[in-house]
Amino acid sequence: MSTRFGRSLGETGVSWVRAFLLVLIASVAACGPAAGDRYAGLEVFDDSEGLYRVRYLAPPWELDESESGGGALRLTIAAEGDSLGSMRPPKFELQAEGSSRSPQSLLEQEERRVVAAGHTMIAGPRALTVDSGVQGQEILSFDPVATRFNRYVALAGTGDTAVFRFSSTVDLDSLEVDDMIAGFDVAPFEGASP
Amino acid sequence: MSVLRWSLALVLGLVSTMAFAQAGELGSPDQRAEPAFGDDFDEQPEAEPAEPAPTSGEEGEAEVSASETASDEGAAAEHDLEEAEHDLEEEPWDPWRGPRVEIAYSHYSLTDGHGGGAVHAGQFGGAYTFGRLRLGAYGEFGIREYALGPDDLVARASALIGYQHLPAIGNHLIPFAVVEGTAGAVFGKRFSTARADALYGLGLRVGVDLRIVRTLWIGLSLGYLRARVGDVADNLWNVRVRLGL
């Protein structure tokens, strides 16, 4: 390139301007979903019966394919040193399924079960709204015998209700779990599956 | 994280103090050989011509000769002092030929998708020049804010190659433009579980080095990196403040 700037650089035998432009083009063309997107980097599981959609971060979440499908989903985070299939309870567990009952009815049933089992009620029943605008209810409890925290979420679809059960050795009333629940969706889904 | 910021500031302050203390000992071989400044000169009493005492004959002549010699020495010392002052004020800028080390503070954002992602990092590295060709590399450790949980640790290494303008502008400023490649990892915890994401990218950096005194530099640069962190891509605008020798 025969410019004054190019000539001053020509002593090294390299066209620096061209090199810089090529690097700029190459760097801008780097592929991958944008980091600022709401669900960037998340895996998506769509219920085979089309009732619910779950977005999750993998790793650490792992899909248990042997217990997923046919309307059911099981995600786990193994305890330290364990792997999927270990006999020890996982550190985190999420199970999802559909129900023909209303969220209100399901929450009342869950509340009775918690009390009868001697669990400690931490919060709820309380209302929640996910990113897509779908409303639901949830209950948080603690099992002192198994030393596990439980979070039961019911989201109302146009027909059936999607039920999500979290179980963990770590407190489930956290920003990370709140954000994961906010990414859940029930039919009809907003937009196409990412 | 505030502890880390104060720690970086303390390190920068210590290094700059050491650099200034050492800068006073540097200088051209001619200056070091001449005690024109400092205590040596101040402690030497200025030779004053002795007043000739009223003596007879040969003794009187010898004393006059000694006083004239002392007066000449004083004048010579004063002349040397003036020359040294002149040399220091108009010290010619020798193009930097050797390797240079530097410490730096860098700030940029690795978006976490939840409003966080600001990174504050300390860097240590160096550079070498071959005329207008500038080569450099540095290592970095930083803390990345994560909005939903504990902050992450960022560790990466970068290499730079590009152009620097010579001779220095105004005998003090050297602007440069380089291509930067980086690779490293982001370590954090998600759902109480350790996780590591690879980080790599390529981009451009422009900046300027300002010579403060002798070989002590301070530099400021702005860089752009198109980086991939795990499964997502991000645009990193990076500000870097450097202190080097």
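The model is a predicted one, in which local features need pLDDT of at least 70, side-chain atom pairs count only at pLDDT 80 or more, and totals for chains, interfaces and linings use all residues. Residues are numbered from 1 along each chain as its sequence is written, chains are lettered from A in the order in which they are written, and side-chain values use heavy atoms, with hydrogens and water left out.

Chain A holds 4 helices and 10 strands; these are DSSP runs (helices: H or I, at least four residues; strands: E, at least two), numbered from the N terminus. Of the 194 residues in chain A, 41% are buried, meaning under 20% relative accessible area with a 1.4 Å probe, protein chains only.

Now for the meeting of the two chains. Chain A brings 35 residues to the contact and chain B 30 residues, contact being heavy atoms within 4.5 Å. Across this interface the rule finds 0 salt bridges (a side-chain nitrogen of Lys or Arg within 4 Å of a carboxyl oxygen of Asp or Glu). On the side of chain A that touches chain B, α1 (4-9), α2 (16-28) and α4 (175-182) each supply at least two residues, and α2(A) gives the most, with 6 residues.

Over in chain B, G116(B) sits in the loop between β1 (100-109) and β2 (118-130). G116(B) is buried, at a relative accessible area of 16%. Beyond its neighbours within four places in sequence, G116(B) touches L110(B), T111(B), E145(B) and A147(B). E145(B) is 29 residues away in sequence, yet the C-alpha atoms of G116(B) and E145(B) are 5.6 Å apart.

How values were computed
Buried means under 20% relative accessible area, exposed over 50%, partly exposed in between (1.4 Å probe, protein chains only).
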